[in-house]
There are 2 protein chains.
Amino acid sequence: MKHDFNANEIVNVYSTEDDLMYNQILELKHESGSHSPSINTIRERLPKLQFKVDACFLSNPYATNLFMEYFQTEVVNTGRLREILEFYPSQMSVIAKKLGKALGVSSKNIFVGNGAIEPIQAVIHNFVKKRILVNIPTFSSYYEFVREDVQVVYNRLLPDNDFEISIDNLVEIITTNEIDSLVLINPNNPDGSYLCKDKITDLLERLRHLETIIIDESFVHFAYESDELEPISFIDMVNYFPNLVVVKSMSKDFGIAGLRAGYAVMRESRVTRLSERGYLWNVNGLAEYFFDLYTKEDFLSEYDKLRKRYIAETKDFYKELSRINGIKTHPTRANFILIELLNGMLADEFVFRMLVRYGVYTRTCSDKIGLGNKYVRVASRGKEENARIIEAFKGMLGE
Amino acid sequence: MKHDFNANEIVNVYSTEDDLMYNQILELKHESGSHSPSINTIRERLPKLQFKVDACFLSNPYATNLFMEYFQTEVVNTGRLREILEFYPSQMSVIAKKLGKALGVSSKNIFVGNGAIEPIQAVIHNFVKKRILVNIPTFSSYYEFVREDVQVVYNRLLPDNDFEISIDNLVEIITTNEIDSLVLINPNNPDGSYLCKDKITDLLERLRHLETIIIDESFVHFAYESDELEPISFIDMVNYFPNLVVVKSMSKDFGIAGLRAGYAVMRESRVTRLSERGYLWNVNGLAEYFFDLYTKEDFLSEYDKLRKRYIAETKDFYKELSRINGIKTHPTRANFILIELLNGMLADEFVFRMLVRYGVYTRTCSDKIGLGNKYVRVASRGKEENARIIEAFKGMLGE
């Protein structure tokens, strides 16, 4: 599934130094498999690169600001930082109790994770039988992490249809292929398509016979079904649909990817099964601090204002991007926009040239199965950074 | 394996408030299973408790001081903190490369973990066939984490022999019981007994036919075989003994348990197998910063001085403890001392009464299989804290 990069194919219209950096980035991309090299990795290897905006990184920077304010006041200024770094954090079950209060579900249904990726791995390894259906394009871990004895069946979502999932079609594929498990990212990464509550409820009702249905709600804080911009979660349905597992990363909405905080909500017997033989001290001290904060009303109320502001700015960003010639923007209910390049340039070249020339880092989707090498995913950042991204796109497209 | 606490048995010679706190701690201990409740959990539930020394916690506090100095200068003061918390850390393979340089082994042999507990879980789940031998007393995860279809065979180490392992005896048990995997913590937790390099090499040679031999070197920085106090590691032997897995926590020697940093060194094919289907972003941003620091000579040279100072103070601490009447101290090459209570008091009562009365928290070993309810494990802390621990012991024993 890895793309075969060939630097020689690229027309040489850039300076030698730019070309050098460009080739180095291609190498890095090679090494990172189906993920983008991290900002740290790029900086270390290419110290000369003027890195300005990480529009590859899907997070709300206003939420990071808020977290950092609390962290500075409550942890750094009070000397609590040493305590958090020195001592063992609480066991997972203790943190699940705190999180349970914040989420309004029983802690017995909560698996707290080292990021969302840990519960994803645990669920995929333990609660999938033989055949899993994954909608593509998608977050690659959902198919890369499956056990050797599990078959992945892909349901390709189509750009012409703005990657919308057809429930009838999905149920049919599941029946025909004797699928036992399903993954649904909602809103979906990398295209931003969104299934509304009624459709998902209908799907869950019709798929009660499946072993496991994973709904990944990592981007749900950016989605909404009404003008109030309230997110809609299925975590309180895990007892009504025992095959349901809701996965959630805190990296995106709260802008704290370095902390590695996430969770999954599932039926009690599954949490018990996983916890009996592992996952004891898997949440680090800073992530525990975050989960403490997550139970506090003042933090959450400030956060919610910033969440709504960020959604509004993302809507504006989408509008501006969609006005640029030479690209097509797909509708989104997430904090990113999937863009199709219409000028014939390959996504890899576009993305890495834009990084070298403008310091704006976007996500090439050339390694995403189900998409060709002409899609770029762009994160919405703060207002000023969004303006720089727009500028870079215009520059690259000669506007 | 859980101990059945009965508060009524305890002779009531304490104040009502002390008794109340004491009973609350017993409850907490109940909830924590075969581990001690964390300092945070105790503080939250018993805000009135005067917590002075955590001698339950096995770490070098001088190393924590050093880490905090670097962290303050390089991360907090520079504004890099936000970057570390906001952005994704590098993928595990990238961090393995850094760590490989520091350890002098190929990164292809390194599995970097979310603490040592993650590689322990991964290795126990994936590379043990049917029957694993665990020396007891031990760190409980080594038998609690085994798969349902794996049988644990215990080799009981005896206090009369200062818990020393007999190689001949071990090999015989392994042969008789058709054992395929072995766990060896060296120095061993909770007794501090140590197997020298020659004996382990002999053991590895004689057990080449085993599937997996785990050597847990989490306390090896406190051990030594000569006056130079140099630790002896087996990480460079994983290619010579393909069944060898060396596990290492950074929580103890570097005093950074909240960060969750650890690793395992094993043959390349095993790292590949684990990484192919998971463990992608399992190291958080602060742990990555630590691993960066771990490659720096100035940090390591300062660390080594503090390590040796701490060993010297631990030796003094041992001497002072061994002079107190009413307890027996077992020899140790780790940063803790296993103490047998000779006055007939139960370990649970001794430990929790000492916590309430003196604010000194030690580790009751009542839940450690292979030990009765009369053993207490005491960590060596800094010089001043060690003096407080000695004082508390003397007070409890009426000296």
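In this predicted model, Arg206(B) and Asp168(B) pair up in a salt bridge, with their closest N and O atoms 3.0 Å apart; the term covers a side-chain nitrogen of Lys or Arg within 4 Å of a carboxyl oxygen of Asp or Glu. Arg206(B) sits in helix α9 (residues 197–206) of chain B and Asp168(B) in helix α8 (residues 167–176) of chain B, so the pair ties together parts 38 residues apart in sequence. Helices here are DSSP runs of H or I with at least four residues, strands are runs of E with at least two, and both are numbered from the N terminus. Arg206(B) is partly exposed, at a relative accessible area of 34% (buried is under 20%, exposed over 50%, partly exposed in between, with a 1.4 Å probe and protein chains only).

Over all chains, the structure holds 55 salt bridges. In chain A, Glu288(A) and Lys98(A) meet in one of these, at 2.8 Å from N to O. This pair, too, links distant parts of the chain: Glu288(A) is in helix α11 (residues 285–294) and Lys98(A) in helix α5 (residues 92–103), 190 residues apart. Both Glu288(A) and Lys98(A) are buried. Another salt bridge joins Arg307(A) to Glu230(A), with 3.9 Å between the closest N and O atoms. Arg307(A) belongs to helix α12 (residues 297–322) of chain A, while Glu230(A) lies in the loop between β6 (212–216) and β7 (244–249), 77 residues away.

The same surface serves both copies, as 100% of the contact residues of chain B recur in chain A. Contact here means heavy atoms within 4.5 Å, and 67 residues of chain B touch 67 residues of chain A.

Between them, the chains bury about 5,200 Å², with 54% of it on carbon and sulfur atoms; buried area is the accessible area (1.4 Å probe) that two parts lose on being put together, summed over both. Leu85(B), Tyr88(B) and Arg277(B) supply 15% of what chain B buries against chain A, more than any other three residues.

Charged pairs also cross over: the rule finds seven salt bridges across the interface. One of them runs from Lys98(B) to Glu44(A), with the closest N and O atoms 3.7 Å apart. On the chain B side, α2 (39–45), α3 (61–76), α4 (80–86), α5 (92–103), α6 (117–126), α7 (141–144) and α11 (285–293) each supply at least two of the residues that touch chain A. The largest share, seven residues, comes from α3(B). By type, the residues on this side divide into 26 nonpolar, 22 polar and 19 charged.

Residues are numbered from 1 along each chain as its sequence is written, and chains are lettered from A and ligands numbered from 1 in the order in which they are written. Local features need pLDDT of at least 70 and side-chain atom pairs count only at pLDDT 80 or more, while totals for chains, interfaces and linings use all residues; side-chain values use heavy atoms, with hydrogens and water left out.

Key. Ala, Val, Leu, Ile, Met, Phe, Trp, Tyr, Cys and Pro count as nonpolar, Asp, Glu, Lys and Arg as charged, and the others, Gly among them, as polar.
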